[in-house]
Amino acid sequence: MKTNPFTLILAVAAITSVCVTGCNAPAQKADATTEQVAAKPDMAVIKTEIQAIETEWASATTAKDIDKVMALYADDAVEMADDEPMCVGKAAIRQVLLKSMKARKAGTTVNYEMMDVYGDDNLVTEVGKTTIKDTAGKVVSTGKYVGIFEKRDGKFICIRDINNEDQKDK
């Protein structure tokens, strides 16, 4: 069998190419343990903290204790209440909440039901439902809200509050 010199040259070139490419391949990262993995927040603990705030908030709202409610807001908080312009800062929020408290009949109770909480150890968004009952326990109003809480000085405080009532029966 006769060998073509051109075929022999191609074979040598191909083998050389494979050897050179294989030897120059980048090294694989051997130590993956040096990579930092962010710790996941303990959402059960965060949910408990936010629920405690909501329980305190409902109690203070039911009692029409504006000072206790205002203590749950950051100084630079923003409130977006139903049928009201956006309020920026505690002074503006206070006026809207006082108006709301004044309009609510005596003896009604307010409850906030947490539906979902997500975020991390510093910033949390909560989604929930509001129920207001009269003295006989009859539901007189329902609504929904989104609260955004930021951890400041070691505790969560409300920085954004968006809420509105459900449509009343016509």
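User: Leaving aside neighbours within four places in sequence, which residues is T62 in contact with?

Analyst: This is a predicted model, in which local features need pLDDT of at least 70 and side-chain atom pairs count only at pLDDT 80 or more, while totals for chains, interfaces and linings use all residues. Residues are numbered from 1 along each chain as its sequence is written, and side-chain values use heavy atoms, with hydrogens and water left out. Contact means heavy atoms within 4.5 Å, and on that basis T62 touches R104, T108, T109 and V110.

User: How far apart are T62 and T109 in sequence and in space?

Analyst: They are separated by 47 residues in sequence, yet their C-alpha atoms lie 5.1 Å apart.

User: Which backbone atom lies 2.8 Å from a polar atom of the T62 side chain?

Analyst: That atom is the backbone nitrogen of V110.

User: Why does T62 count as partly exposed?

Analyst: Buried means under 20% relative accessible area and exposed over 50%, with partly exposed in between (1.4 Å probe, protein chains only). T62 has 27% relative accessibility, so T62 falls in the partly exposed class.

User: What lines the largest pocket, by class?

Analyst: A pocket is an open set of points on a 1 Å grid over the protein atoms alone, with protein on both sides within 12 Å along at least five of seven lines, and lining residues have an atom within 4 Å of a point. Here the lining comprises 15 nonpolar, ten polar and 14 charged residues, where Asp, Glu, Lys and Arg count as charged. Of the 39 lining residues, S100, R104, I132, N163 and E165 lie nearest the centre of the pocket.

Definitions and conventions. On a 1 Å grid over the protein atoms alone, a cavity is a set of points where a 1.4 Å probe fits but cannot get out, and a pocket is an open set with protein on both sides within 12 Å along at least five of seven lines; lining residues have an atom within 4 Å of a point. A polar contact is a pair of N or O atoms within 3.5 Å; within protein, one must be able to donate a hydrogen and the other to accept it, and residues adjacent in sequence count only if both atoms are side-chain atoms.
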